[in-house]
Amino acid sequence: MKIRIYIITCLLLLSATVFAQVPALERVEPMFWWVGMKNTKLQLIVHGNNIAGRTVKMNYAGVKLVQVHKVENPNYLFLDLDISHAAKPGSFAISFIKAGDKNLTYTYNLLKRDHAIRAQGVTDKDFIYLIMPDRFSNGDPSNDSFANMRETRVNRDSMYSRHGGDIQGLMNHLDYLKDLGVTTIWMTPEIENDEPHASYHGYAVTDHYKTDPRYGTNELYKQYVEKCHAMGLKVIKDLVHNHVGTEHWFIRDMPMKSWVHQWPKYTNSNFRYGAVTDPHAAASDTKQMLDGWFDRHMADMNQNNPYVQNYLTQNHIWWIEYAGVDGFRLDTYPYNDAPYMADWAQKVKAEYPHFSIFGEVLDQAPVNEAYFEEGNTVNRGFDTHLPGITDAAVKDAIAEALNGKDGWDGGVNRLYGILAQDFVYHDPTKNVVFLDNHDMDRFFSVVDEDFNKYKVGMTMLLTLRGIPQTYYGDEILMKNRSRPDGLVRSDFPGGFPGDKVDKFTAAGRTDRENEAFNYVRTLANYRKNTTALQTGKMMEYIPQKGIFVYFRYDAKSTVMVIYNSGDKDATLTTDRFVERMAGFTKAKNVMTGEQLPAITNININSKGALVLELAK
Ligand code: CA
């Protein structure tokens with residue numbers, strides 16, 4: 001997420017003497033676990049009033065209480081368990097005992113793992129659709145507001161308020177997404193954000209184990225994943241390691257001072273990746289980048305603290321096992337502690353080898369993107385184990401190819417040159433290619449609402465290497481600039497009770513919106529059935545006279561993409577592309593279905609793109 005500063009009351013940092021009043025046994029997390037996990041270790045966090053004054057007893061075959069940790073705050077205990085591979089599913093009591101006081105008991109459940117087809121992974125065969133659940137569709141008006149939550153009122157007139165969208169609303173429109181050719185849904189975080197202001201965006205978690213009631217329940221989230229899987233769709237869960245909301249229960253009553261990064265006075269991150277990647281960086285700059293807070297209402301987690309490490313890692317594994325999600329998107333990746341994130345990724349992959357992970361890295365230079373990716377050629381001295389990154393370099397280069405002036409490094413030559421730097425990546429096919437997201441100008445506005453450019457951008461999105469990701473509403477030409485970012489997070493028209501138009505249906509869309517929708521649908525569905533565009537190799541040619549030509553190909557098919565960035569219609573003579581075109585004599589225009597009678601000369605409109613499947 002991008003920089004966002006709100007003026008709200010500053011967090012009162014933990015003072016060593018004042019602890020919150022909490023119930024005798026407020027919670028135990030993870031609230032349940034499974035037998036048969038590869039990693040037999042589990043650390044429970046126990047929160048309750050003066051719980052550290054009690055002794056802990058438990059007895060269950062195959063499970064050992066290895067150690068009980070007391071920390072600075074007596075309202076916490078951390079219990080190290082070893083759940084051996086001999087342990088059977090079942091439940092047992094964990095007792096917290098104090099002489100002269102009544103025992104407190106938590107019933108701990110160990111479940112059997114569900115080995116159905118889950119955690120499939122998201123690859124370059126997929127097409128990701130990003131939504132903000134508050135803004136997509138309200139399928140359950142009964143959960144719009146809760147009097148006991150800090151932001152009590154739903155208000156669609158304010159871009160910063162909750163609008164009432166929810167998981168049920170998304171579930172009601174899975175057919176629409178399936179029809180569009182989407183294979184994977186990435187929803188911005190749906191876990192509880194009980195903050196007093198602008199909580200709808202989801203990046204200020206206040207309870208790691210709870211779906212925000214305004215979106216639904218954990219059970220509904222699980223049903224949503226199951227429904228997606230039954231329809232052949234995959235689910236990405238959005239995680240934030242770096243920070244949590246200041247109203248998080250464990251921030252309001254912190255286990256210890258080192259739970260978060262502490263500063264003498266409020267200090268935000270400098271938001272400069274350079275302070276991480278730069279071999280000449282001043283240590284103070286690096287520290288501020290990593291340990292500075294993202295925002296006053298987002299406490300910066302201390303990922304060097306082993307209790308924090310266990311808490312986050314276990315929570316994420318819990319969600320994979322509980323809900324069966326297929327991949328994680330990691331928010332604000334470069335702001336995290338790198339060794340911890342590498343360890344985290346290895347632990348996740350040890351349990352779920354097919355799981356997919358990509359990190360939010362937003363830099364115009366491939367080298368700075370690759371720095372955060374696993375096994376790259378940059379060689380920073382250790383392996384991040386992060387398989388994929390968000391390819392901001394390609395995103396910016398596509399915008400330059402569409403809007404820029406043709407020149408040695410300008411216009412479409414920028415895109416050519418950026419793709420030519422793919423050698424820095426361990427595997428650029430794991431890069432997530434995108435035109436926009438919830439923090440950025442919407443793509444239709446990036447191209448100044450030029451419909452031809454819009455179609456070219458969508459063409460590139462769906463034909464370049466990598467995993468394409470679009471943003472809700474781009475397919476119906478939703479527009480706006482991201483200052484302020486609420487403008488790019490408008491409600492999907494038709495998703496909310498009382499909406500005057502329903503753009504989920506062809507009848508509710510204008511002719512041009514239907515043209516856009518059909519363009520994306522045609523290409524996405526073609527891509528879905530064309531392995532050359534999914535997993536095929538790529539070959540690009542140096543642009544000439546503003547015309548950029550690249551191929552995606554495999555043993556089954558060869559797809560040629562031509563983009564004319566020039567101001568005039570042109571005829572492309574194709575003898576230069578003999579390496580890829582030898583043996584082919586015909587071509588089909590993928591978008592129109594028309595056959596080209598000959599392919600020695602191909603007409604291409606100004607600011608237009610052609611996607612051609614070559615034939616013998
Ligand atoms: Ca609702």
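How many nonpolar, polar and charged residues does the lining of the largest cavity have?

1. The model is a predicted one. In it, the calcium ion takes its protein donors from Asn138 (OD1), Asp140 (O), Asn143 (OD1), Asp144 (OD), Gly164 (O) and Asp166 (OD). These atoms lie 2.3 to 2.6 Å from the ion. Along the sequence, the spacing of the donor residues reads N-x1-D-x2-N-D-x19-G-x1-D. Within this set, Asn143 and Gly164 are 21 residues apart and link distant parts of the chain. Asn143 sits in the loop between α1 (133-136) and α2 (167-171), and Gly164 is likewise in the loop between α1 and α2. Asn143 and Gly164 are both buried.

2. The geometry of the calcium site is irregular, with angles of 62 to 164° among the six donor atoms. Six donors count as octahedral only if opposite donors are over 155 degrees apart and all others between 65 and 115.

3. Three cavities of 30 Å³ or more are present in the structure. The largest cavity holds about 80 Å³ of space. Its lining is made up of Pro189, Ile191, Gly202, Val205, His208, Lys237, Asp238, Leu239, Val240, Asn315, His316 and Trp319.

4. On the opening question, the lining of the largest cavity has six nonpolar, four polar and two charged residues. Lys237 and Asp238 are among the lining residues, and Lys and Asp count as charged.

Notes. Residues are numbered from 1 along each chain as its sequence is written. This is a predicted model: local features need pLDDT of at least 70, side-chain atom pairs count only at pLDDT 80 or more; totals for chains, interfaces and linings use all residues. Side-chain values use heavy atoms; hydrogens and water are left out. Donors are N, O and S atoms within 2.8 Å of the metal (3.2 Å for Na, K and Ca); water is not among the atoms, so sites may look incomplete. Four donors count as tetrahedral if all angles lie between 85 and 135 degrees; four count as square planar and six as octahedral if opposite donors are over 155 degrees apart and all others between 65 and 115; anything else is irregular. Helices (H or I, at least four residues) and strands (E, at least two) are DSSP runs, numbered from the N terminus. Buried means under 20% relative accessible area, exposed over 50%, partly exposed in between (1.4 Å probe, protein chains only). On a 1 Å grid over the protein atoms alone, a cavity is a set of points where a 1.4 Å probe fits but cannot get out, and a pocket is an open set with protein on both sides within 12 Å along at least five of seven lines; lining residues have an atom within 4 Å of a point. Grid points are joined across faces, edges and corners, and a volume is the space filled by probe spheres set on the points.
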